[in-house]
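Here is a quick tour of a predicted model. Have a look at it first, then read on for some helix packing, a cavity and a salt bridge.

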Amino acid sequence: MKHTENIRCRAAAATTESRWVRWLLIGVSLTFLGLFLAMPLAAVFAQALSRGWAMYVRSLGDSDALSAIRLTLLVALIAVPVNTVFGVAAAWAIAKFQFFGKSVLITLIDLPYSVSPVISGMVLVLLFGRQGWLGPWLEARGIHVVFAVSGIVLATLFVTFPFVARELIPLMQAQGTEEEEAARLLGASGWQTFRRVTLPNIKWGLLYGVILCNARAMGEFGAVSVVSGHIRGETNTMPLHVEVLYNEYNTTAAFAVASLLALLALVTLVLKSVLQWKTGEQLTPEEQGYTGD
Amino acid sequence: MTLKQHSILPGFGLTMGFTLFYLSLIVLIPLAGLLLKSATISWDQFYAAVTDPQVVASYKITFGASLVAASVNAVFGLAVAWVLVRYSFPGKNIVDAMVDLPFAMPTAVSGIALTAIYAPNGWIGRWLDPLGIEVAYTQLGIMVALTFIGLPFVVRTLQPALEDMDVEIEEAAASLGATRLQTFVRVIFPAIMPALLTGFALAFARALGEYGSVVFISGNLPMKTQIVPLLIMTKLEQYNYAEAAAIAVVALGASFAVLLFINIVQWWSRRYAA
């Protein structure tokens with residue numbers, strides 16, 4: 001008994017490092033993460049509360065801050081559902097059917113990930129701006145896109161375009177089509193098949209994609225910054241309002257608004273961990289598709 | 001040959017039609033507009049726009065800082081991934097979840113937070129300032145921001161690769177007399193090399209296009225701390241759309257080249273593994 005235990009101990013020792021190497025690596029890693037991750041997060045809240053709780057509440061109650069919060073919620077409320085519907089439709093077409101050119105289509109859906117946020121916003125200016133292709137025509141009809149809310153919505157739709165689709169496509173491909181085919185053979189309609197068979201199978205993955213899409217929609221800065229024009233109280237989303245306040249040396253107010261966005265990030269991380277634990281998988285960054293602003 | 005194989009499942013026409021329509025409307029037509037815009041100037045003008053000394057300087061700054069940041073992340077990201085996969089310590093799950101913070105945090109928030117920390121009176125800046133090391137408003141600051149933003153790419157790409165490794169191979173190496181260091185260098189490292197390269201390239205690609213977290217800490221001095229996205233932004237603010245489009249086409253070309261590299265690495269590692 002003692003003998004086998006001894007051997008097992010030695011087998012374990014052969015595939016791990018000595019105690020001091022282990023603690024050195026843990027120490028180095030935690031120091032690095034502490035400096036680069038924990039400290040910026042702590043700094044946001046420390047700066048936001050640096051002049052007291054009353055000042056913090058007053059910064060958030062400011063009418064420009066409130067309108068920025070409203071606009072951010074409005075943009076997310078439009079962009080997230082639209083891209084969710086697209087994501088489900090694209091995943092259904094790609095995962096449940098065999099057709100020519102599928103991998104090209106997947107590559108095209110991923111395209112917004114590899115475009116710099118500034119360029120994402122800029123393509124809208126080139127299209128809808130005063131010197132753009134469609135801009136003069138639309139402006140003659142009283143429709144403004146650049147420096148208006150509709151431009152912000154379009155920019156957000158562009159940058160959050162792949163999030164839900166990218167989450168669902170591999171998931172639905174792995175699940176195959178047998179269950180849906182069985183439902184059809186038993187007489188279910190197409191919609192019933194989707195609602196009763198497919199949706200329960202993909203609900204956690206769908207929620208995961210929606211959460212990531214929402215975090216990006218509310219936090220997008222570069223693309224939105226190009227098309228917004230930074231009109232206070234009108235076309236400022238929360239990240240843009242942070243920038244305006246910061247550039248006016250109104251640091252405490254800037255960090256107060258930023259702290260709300262940091263809270264959103266923390267909530268996103270918690271939900272993400274819960275969903276990962278529920279589905280028991282760890283996604284690589286490519287699957288999560290984080291390549292933008 | 002038909003374009004689509006027969007299936008008893010409904011909805012292909014509807015979902016595919018909507019997918020193609022929406023993809024064209026939101027992504028393809030706007031991107032085509034960019035290419036058309038850059039084609040409205042002559043080749044000579046295009047060449048002059050993208051090789052202007054200020055533009056070339058911004059390529060160098062962006063490329064150099066992204067390379068340094070991705071390299072720092074390759075080293076420390078490997079350590080973090082290793083520690084998270086192989087060891088157990090208190091609070092590990094929280095640390096693991098925190099790695100995604102740069103993904104979840106809006107970039108403008110990260111940008112002002114990093115600037116506050118590294119400013120001469122900030123938490124870290126006040127210790128570096130007496131040593132004569134300036135971070136905020138220098139190229140070092142750009143590297144710090146890009147390191148922050150790129151870290152999760154390396155860690156999250158390496159974690160599954162490390163988890164998939166068979167312990168038997170390491171046991172075999174040990175039983176054949178290899179020291180732990182030899183096992184790591186000769187057995188483990190070659191196996192995770194494709195994942196490390198992919199993570200490095202993903203972090204690099206992200207850094208090339210990054211704007212929000214860099215704009216506050218960089219100071220935006222032409223020729224010194226002006227990155228490519230900031231330069232494009234400046235040209236747009238001057239209503240110099242054609243030059244902005246030309247520079248954007250070059251920047252897009254660079255990020256597509258990196259993506260191509262990632263695909264080649266993955267194709268090569270699959271062939272190697274098979």
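Which residues do the touching? On the α8(A) side you'll find A:L154, A:L157 and A:F158, and they meet B:Y22, B:I26, B:V27 and B:L31 of α1(B). Sorted by class, this contact has seven nonpolar residues, with no polar and no charged ones.

## Chain B in outline

Chain B has 13 helices and zero strands. So what does its order of elements look like from the N terminus on? It's simply α-α-α-α-α-α-α-α-α-α-α-α-α. The C-alpha trace of chain B spans about 75 × 65 × 35 Å along its principal axes.

## A helix pair within chain A

Back in chain A, take α4(A) and helix α13 (residues 238-247): their axes come within 8 Å and cross at roughly 150°. Angles over 145 degrees count as roughly antiparallel, so that's what α4(A) and α13(A) are to each other.

From α4(A), the contact draws on A:D64, A:A65, A:A68, A:I69 and A:T72, while α13(A) brings in A:M238, A:P239 and A:H241. By class that comes to five nonpolar, two polar and one charged residues.

## A cavity in chain A

Searching the whole structure turns up two cavities of 30 Å³ or more.

What classes of residue line the second largest cavity? There are six nonpolar, three polar and one charged.

## A salt bridge across the chain

Side chains of opposite charge can pair when their charged atoms come close. Over all chains, the structure holds 14 salt bridges. One of them joins A:R166 and A:D110, with the closest N and O atoms 2.8 Å apart.

Where do the partners sit? A:R166 is in helix α9 (residues 163-175) of chain A and A:D110 is in helix α5 (residues 102-110) of chain A. They are 56 residues apart, linking distant parts of the chain.

Notes: Residues are numbered from 1 along each chain as its sequence is written. Chains are lettered from A and ligands numbered from 1 in the order in which they are written. This is a predicted model: local features need pLDDT of at least 70, side-chain atom pairs count only at pLDDT 80 or more; totals for chains, interfaces and linings use all residues. Side-chain values use heavy atoms; hydrogens and water are left out. Contact means heavy atoms within 4.5 Å. Helices (H or I, at least four residues) and strands (E, at least two) are DSSP runs, numbered from the N terminus. Ala, Val, Leu, Ile, Met, Phe, Trp, Tyr, Cys and Pro count as nonpolar, Asp, Glu, Lys and Arg as charged, and the others, Gly among them, as polar. On a 1 Å grid over the protein atoms alone, a cavity is a set of points where a 1.4 Å probe fits but cannot get out, and a pocket is an open set with protein on both sides within 12 Å along at least five of seven lines; lining residues have an atom within 4 Å of a point. Grid points are joined across faces, edges and corners, and a volume is the space filled by probe spheres set on the points. A salt bridge is a side-chain nitrogen of Lys or Arg within 4 Å of a carboxyl oxygen of Asp or Glu. Axes are lines fitted to C-alpha atoms, for helices over the stretch in contact, and angles run from 0 to 180 degrees between N-to-C directions. Angles under 35 degrees count as roughly parallel, over 145 as roughly antiparallel, 65 to 115 as roughly perpendicular and the rest as oblique.
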